[in-house]
Structures are given as C-alpha cells and as structure tokens.
Amino acid sequence: MTETDVDRTPAPGVGVPDDPATDTAGAPGPRAPVQGRAGARRMDRPTVFAAALLVAVGGIVYELILGTAASYLVGDSVVSFSVATGLSLFGMGIGSLLAPRLPGPSGIAFVRNELALGLLGGSSVLVLFWAYGQTELYWPVFVLLAVAIGIGIGIEIPLLVALLKEHGRDESVGLLSKVLALDYLGALLASLLFPFLLLPVLGLVRTALAVAILNVAVALFMLARMGHQPRWTWTTGGALVVLLAVFAVSSGLEAALSTRLYQDPVVTATASRYQKLVVTDYQGDVRLYLNDQLQFSSVDEARYHETLAHSALTSVRAPASVAILGGGDGLLAREVLRYPTVREVVVVDLDPAVTELARGNRLLRDLNEGSLGDERVRVVNADAFGWVRDTAATFDAVLVDLVDPSDERVAKLYSTEFYSSVVAHLRPGGVLATQATSSYFTPRAYWQVVATLREGGGPGRTVVPLSVNVPSFGEWGFALSLPGAGDSFLTAAPLPDGLRFHDQRSLADTARLPGDLTPTDMPPSTLLAPVIYRTYQQDMRHWRY
C-alpha cells in the first residue's frame with residue numbers, strides 16, 4: 001500500500017493522531033515520514049483480516065471456557081452455557097457501543113483492548129475457581145467476568161473495521177461483510193478446536209492462558225505492522241512474557257487451586273474432552289470427582305456398587321454375560337467378576353480418560369482390584385445410547401451406572417426409548433438394573449426413573465424399586481426390571497463371597513423402602529419430552545442454599 005492509497009479520514013468516533021501533513025488551518029504542508037506512526041503504510045487489509053480471524057477464534061474460546069468452568073462448578077451445563085453465552089453477548093453489545101468512544105488512534109485502542117482482554121481472559125479460570133473455593137461470591141464473579149470479557153470481544157471488530165476505513169477505500173457494506181465473514185469463520189474454528197484439541201490437551205486453565213497469549217501476540221503483530229510504538233511495544237512484550245511465565249507454571253497453580261476446592265489432598269487432576277477428573281486421598285479415603293461432583297468414596301462405595309450389582313445378578317440364573325453402561329471406574333465390574341459363571345463383561349463408558357485412569361492410577365486400580373485388566377472384561381469407549389442401539393450382542397444382565405440426569409445431554413439415558421433398547425438386548429430371564437438418583441434428596445426424580453423403566457421395559461416385566469444408605473451421598477435409589485412377576489428377585493443365584501457390606505438379609509432389605517419415601521405417580525421421561533431433567537432440577541433446588 002502506497003501513501004497515496006491511504007485514506008486519512010478517521011472512522012466516525014474513532015480518533016487518529018494529528019497529521020503533520022496538515023497544518024492547523026487545514027492547508028496541506030510537508031508530509032512527515034509514515035514509519036513509526038499509527039498509520040504506517042505497511043498496514044494493509046490482509047493484516048487486519050488475519051487479526052480479525054485470530055481474535056474471533058479467541059473470543060469464542062473464551063465463551064466456551066466460561067461455560068465449561070461454570071458447568072464444572074455447578075454441574076448444570078444448560079444453565080452454565082446459557083448464562084455464559086447470554087452475558088458474553090450482552091457484554092459484546094456494550095463493547096460495540098464503547099468502541100467509537102475510545103480515545104486515541106484506533107490501532108492503539110485495539111492494542112490496549114487486546115492487552116486488557118488477554119490479561120482478564122487468561123486469568124478468568126483461576127479467578128473463578130479461587131472465588132468458588134474461597135468465597136460465596138462465585139456467581140457474581142462469574143457474571144462480572146463474562147460481561148467484562150464480552151465487552152473486550154465486542155470492541156475488537158468495530159476497531160478493526162475503523163482501521164480498514166482509515167487506511168483503505170471506503171466500502172462500508174462490503175468491508176463489514178468481509179470482516180464479519182472472517183469473524184464467523186473464526187467462530188467455527190474455535191468451536192472445533194476447543195472440544196477436540198484445546199481442552200483435552202491443555203485443560204481449562206492453560207487453554208485460557210493460551211488464548212490470552214494469542215490476544216497479546218496479535219497486539220504485537222499489529223504494532224509491528226503499524227510501525228513500532230516503543231512504549232506500547234515494551235508494554236505488550238512485557239505482558240506476553242508474564243503470560244508465558246504463568247503458562248509455564250500453570251499446572252502447579254491449577255493443582256494448588258484444586259487442593260483448595262477439595263477437603264482432601266489432590267492426588268491427580270486432569271481434564272478430558274468431556275470432563276474434569278480429580279482423585280483425592282486422605283488416610284485411605286480415596287475419592288473420585290468428575291466435574292467437581294463426587295462419584296464415590298472408598299469408605300462406603302461398596303454399599304452402592306454391591307447393591308446395584310448383586311440385586312441384579314442374584315436374580316439371574318448362572319449369569320454369564322453382563323454389560324455395564326457407565327462404570328468406567330471399574331468398581332461395578334469388580335463386583336460382577338465375583339460370580340464364577342461370568343464369562344464376559346462389557347464396560348461401555350464414554351470417556352477413555354476415566355477408564356485409563358481406572359487402569360493406570362494405583363489407588364483406583366487397587367480399589368477396583370484390577371477389574372478392567374481382567375481377560376473377561378472388554379472396555380468400549382462410546383456413548384451408551386448409540387452403543388445399545390447399534391450392538392447385536394445380548395446379555396443376561398445390563399447394569400446402568402450413569403451420572404444423574406442433571407442436564408438434557410444425560411436425560412436421553414433415562415428415557416423409555418433407552419430402556420426399551422436395553423431390554424431388547426436381554427436374554428430370556430435377563431435383568432436390567434439402574435441407579436435411580438437419591439431416593440431422599442430427589443424423590444420425585446427417583447419415582448420418575450421407576451415409572452420410565454416400567455414403561456420402557458414393556459409388558460410382562462416387573463420393576464422393583466430399591467434404596468440403600470450411602471453416607472457419602474445419603475439415601476440412594478435403584479430400580480430393577482425383572483422378567484414376569486419378579487419371582488426371581490434375589491433367588492436365582494447365590495450371593496458370592498468377598499462382599500464388604502451386604503449379606504443375603506441386608507440385600508433383601510433394600511426392597512423395604514423407608515417410611516417417608518412415599519410412592520409418587522410420575523409421567524415417564526422420553527426423548528421428545530425429557531421431563532426427568534426438569535424434575536431432577538426441581539428436586540435439587542430444595543437443597544441449594
């Protein structure tokens with residue numbers, strides 16, 4: 001781009017530096033050199049277009065980071081992502097209005113914004129997790145972060161358009177359409193990079209820092225193309241060094257924050273493309289957390305896993321083939337392998353990080369007695385709904401050990417369609433057992449699981465509701481679908497040796513429900529009407545302070 005190509009008319013509301021080429025009366029004077037000024041001749045459209053694409057990637061990743069972090073902390077992905085997206089978009093609207101009012105040249109205003117956005121966005125996860133672990137104000141902190149980051153994102157595009165209008169031809173509609181097209185392309189790239197690459201490889205904290213480094217790198221790139229501004233170049237370079245240093249020690253920072261989130265020392269913490277995984281250990285009490293939600297405590301997990309496994313397998317004559325949907329920690333497989341007649345166990349868990357942790361972590365491997373390494377066990381990392389639909393295999397028993405139906409993603413695994421598909425893969429006399437949420441904390445959801453299993457199991461089957469006390473969770477519910485009138489309940493196969501909690505009598509007592517657990521008529525949950533998700537959320541609201 002030559003000097004004669006430069007249109008020095010500023011974009012409306014966006015300042016440009018005083019031009020020595022024009023005197024105070026507006027008469028043309030001698031031209032000053034453009035090198036080193038905020039309107040340098042090296043500024044061109046490809047430069048600005050590249051910047052637009054890169055900042056668009058960063059902006060969408062920030063939104064995904066905020067939604068993911070909130071879902072880790074509160075466990076409700078619908079609320080978390082909806083609020084994160086809404087607040088970010090609201091902030092973007094404010095930012096787009098503020099952009100024309102920013103002082104100074106548009107190029108320097110863009111650099112300042114990238115510095116602020118990088119420092120704020122890069123620290124956002126650390127700040128949010130600190131607020132969650134140390135204060136009761138994590139929701140206000142989340143709101144402020146989401147709006148502030150949204151403002152920074154909203155400022156970017158108007159300033160880039162202003163830069164192009166300052167240093168190019170005035171083609172407002174065509175210019176804006178090109179910048180927006182690149183912005184949308186960046187959004188697509190970010191939405192693919194975040195779940196498939198950034199989150200699994202870097203984790204949440206380092207992903208935020210990586211995007212912050214991208215923001216500051218774009219600012220340095222723009223400074224170089226505009227002509228070096230010593231003060232801003234040094235400031236931006238210093239910010240980049242700080243972010244790179246924090247990135248280098250981020251694993252230690254994340255571990256320190258994770259330790260504050262949990263009562264017990266953190267043994268390992270990692271993140272997969274699906275969730276955050278943390279293992280803690282305090283004087284032999286080993287605990288697994290997924291997205292900061294407790295999955296089991298080694299002190300009392302036997303009460304849960306023995307109830308689910310043995311209520312089903314003692315109701316099947318000589319069980320040989322068993323499918324476990326969920327249960328990637330290997331604890332349910334441990335119980336199934338106690339039966340000498342079992343020849344095949346298929347564990348279907350969506351997240352390979354969970355099954356790899358259960359195989360490789362010494363604490364978990366000792367707890368599950370190496371069940372996932374047993375030659376009779378085959379691990380399949382797949383979505384349970386799709387696997388059941390596609391497999392041709394049949395089983396004597398199917399045990400469903402999935403997370404609670406706290407969002408619409410999981411609700412499909414508590415639907416009549418899902419249970420119908422599972423029952424279709426049962427051999428004659430086969431049994432289906434599922435965890436059914438807390439019979440005390442979420443009683444309406446519990447009875448809805450029972451109603452859904454009864455509807456999905458079809459005619460000629462009996463559903464038996466069960467409940468057992470698990471101190472780490474409270475009273476917990478299960479539901480068992482048996483053939484015929486249910487006469488085989490706990491009588492078809494003997495209880496194996498080696499159990500920590502149950503004997504024949506205590507297992508039978510799980511069918512004797514507490515007096516305050518009143519049966520409630522609930523509509524079944526379906527794929528088209530996943531009412532189980534809403535029921536669960538309504539139940540849980542009674543326990544949120």
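Hi everyone. When I say that two residues touch, I mean a contact with heavy atoms within 4.5 Å. With that settled, let's look at this structure, which is a predicted model.

I'll start with Ser488. You'll find this serine in the loop that runs between strand S11 (474–483) and helix H16 (504–509). Leaving aside residues up to four places away in sequence, Ser488 touches Thr314, Ser315, Leu482 and Pro483. So is Ser488 buried or exposed? Its relative accessible area is 19%, and because the cut-off for buried is under 20%, Ser488 counts as buried.

Now for Leu119, which sits in helix H3, residues 106–134. Leu119 is partly exposed, with a relative accessibility of 43%. Along the chain, Leu119 and Val242 are 123 residues apart, yet their C-alpha atoms are separated by 9.5 Å.

Next, the sheet I wanted to show you. Here we have four strands in an open sheet, ordered S1-S2-S3-S4 and paired antiparallel. Which strands stand at the edges? Those are S1 (266–271) and S4 (293–297); each has a single partner strand, so one side of each is left without a neighbour in the sheet. On average, and ignoring direction, neighbouring strands of this sheet are turned by 15 degrees against each other.

Let's zoom in on the S2 and S3 pair. Strand S2, residues 276–282, and strand S3, residues 285–290, run antiparallel and are joined by six bridges. One of the residues to look at is Tyr282, whose bridge partner in S3 is Asp285. Helix H10, residues 352–360, packs on this sheet and touches S1, S2 and S3. The direction of H10 makes about 25 degrees with that of S2.

Thanks, and I'm happy to take questions.

Notes: Residues are numbered from 1 along each chain as its sequence is written. This is a predicted model: local features need pLDDT of at least 70, side-chain atom pairs count only at pLDDT 80 or more; totals for chains, interfaces and linings use all residues. Side-chain values use heavy atoms; hydrogens and water are left out. Helices (H or I, at least four residues) and strands (E, at least two) are DSSP runs, numbered from the N terminus. Buried means under 20% relative accessible area, exposed over 50%, partly exposed in between (1.4 Å probe, protein chains only). Two strands pair if DSSP finds at least two bridges between them. Axes are lines fitted to C-alpha atoms, for helices over the stretch in contact, and angles run from 0 to 180 degrees between N-to-C directions.
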